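Here is a brief report on a structure. Look over the sequence and the model first, then read on.

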Amino acid sequence: MITIETLKEFGADVNEGLARCLNKEDFYLKMVNMGISDPRFVTLKDVLASKDLDAAFEQAHALKGVLGNLALTPIFEPVSEMTELLRARTDTDYMPLYDKMKAQYDKLVALKE
Amino acid sequence: MEMTGNDFFRRIVLVVDDEAVNRNMLGAILEQKYDVLYAENGRQALDTLKGHGSLISLVVLDLLMPELDGYAVLASMQENSELSKIPVIVLTSEKDAEVKSLQMGAADFLSKPYDLPEVILARVKHAIKLYEYATIIQATEHDRLTRLYTSEYFFQYAEQYEVHNRAQQMDALAINVNRFHLLNELRGREFGDMVLCTLADGVREFSERTGGIACRANADTFYLYTAHQAEYTSLLESLQKKLSAVLPMPEINLRLGMYASTSSPCPLVQRFDRALYACNSLRNAEQGKPSVAVYDEAMLAREVSGAGA
């Protein structure tokens, strides 16, 4: 189960996330669960593989915004880096960054069990 | 704490963001102080705005959204006379987007990730307050009939001008119609209003030409705050000529009182009181001929002796 403590251990900036949620722990955890339920964490891989950089930027940018608000730093950082490359439509291999993001994402999702 | 106009009722704020987490988080912050409506994209936002109009006090708007993005919403709002008055705070993490959205009419921006709730609430409150003050000013700044300034705003702006232009010689003029009440009685109020509007147009043209400002001080009296001119008979004559197009000359007698910039300095309001005194001293002036009176030492002595009598 994702709790404030497990989020702290994960590396989220819990104080920052809580502050944005009016210091309501239940509300913050509800938002975290809602945020990581987003299918784009998985579908982004296919979009990147298809080289549709416009669509990839749209998805990465949206995920970055949510992750930033929730202060899920270990996932936010690779997504943020990816977003800036995609903003410039940089022709590069995005898989290392995606894999880095996915590893952290999977780690957090595993805490739900 | 004293209640202000801001506190009488809860305002409505529209939150526009395609991400559910963002909408929920921002909504929770804003719901502490406001009733909140939500839209998931630009299309929904515009539908909601058109449905609620000026009942919505502020829009918090994400920029990158499917269907219709925030920029398109901003552009649409600017094209609508009612919606363009509603302040918009955009949500963005990019400097370029901040500049672009401000240039497109946004009132402010909030960064992403979100600031602290206190910061968000302060910026929203501030934007709403500025918008409501601007609306009140627009509604009360000009006289409904003539569209000249009302006297309150006239004196505010004139005083501001004085502070920043101390070296400029500015005269205080009062212009009115001799026995205007009779004109209303004989020709009716609608006719009287038409005369006032015609006069106001002439006064406005003069003030725009000389770099001054004008107001309708009351009923048929106009104040002009103007750069000093050598004479004002020609102003009255041009006003008389404008009026002669709508009514026979002998029916109307204009008079002008002036308190010159070179006279003894005194507060602005008092200068216009004196200009009006000079103007009204022409009560028995020759019918059909415009009349100008200057408030001078002799008039001051008469006014003082009259008050002491």
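How many salt bridges does the rule find across the interface of chain B and chain A? There are two salt bridges across this interface. The model is a predicted one.

## The interface of chains A and B

Start with the extent of the contact. On the chain B side, 17 residues take part, and they touch 20 residues of chain A. Together the two chains bury about 1,600 Å². Carbon and sulfur atoms account for 67% of that area. Three residues stand out: B:E19, B:V21 and B:M25 provide 34% of the area that chain B buries against chain A, more than any other three residues.

B:E19 also takes part in a salt bridge. Its side chain meets that of A:R40, with 2.6 Å from N to O. A salt bridge here needs a side-chain nitrogen of Lys or Arg within 4 Å of a carboxyl oxygen of Asp or Glu, so the A:R40 and B:E19 pair qualifies at 2.6 Å.

Helix α1 of chain B, residues 20-30, gives the most to the chain B side, with seven residues. By class, that side has 10 nonpolar, four polar and three charged residues.

## Two helices in chain A

Now turn to a helix pair. Helix α5 of chain A spans residues 53-70, and helix α6 of chain A spans residues 73-87. Their axes come within 8 Å and cross at roughly 145°. The crossing is left-handed.

Contact residues on α5(A) include A:L53, A:F57, A:L63 and A:L67. On α6(A) they include A:I75, A:F76, A:V79 and A:M82. Charged residues are present too, among them A:K64 of α5(A), and A:E84 and A:R87 of α6(A). By class, the contact has 11 nonpolar, four polar and three charged residues.

## Backbone details in chain B

Two loops of chain B deserve a look. The peptide bond from B:K112 to B:P113 is cis, with omega near 0°. B:P113 sits in the loop between β5 (108-111) and α5 (117-140) of chain B.

The other site is B:R147. This residue is not glycine, yet its phi is positive, near 65°. B:R147 lies in the loop between α5 and β6 (149-150) of chain B.

Definitions and conventions
Residues are numbered from 1 along each chain as its sequence is written. Chains are lettered from A and ligands numbered from 1 in the order in which they are written. This is a predicted model: local features need pLDDT of at least 70, side-chain atom pairs count only at pLDDT 80 or more; totals for chains, interfaces and linings use all residues. Side-chain values use heavy atoms; hydrogens and water are left out. Contact means heavy atoms within 4.5 Å. Buried area is the accessible area (1.4 Å probe) that two parts lose on being put together, summed over both. Helices (H or I, at least four residues) and strands (E, at least two) are DSSP runs, numbered from the N terminus. Axes are lines fitted to C-alpha atoms, for helices over the stretch in contact, and angles run from 0 to 180 degrees between N-to-C directions. A crossing is left-handed if the near helix is turned anticlockwise from the far one by less than a right angle, and right-handed if clockwise.
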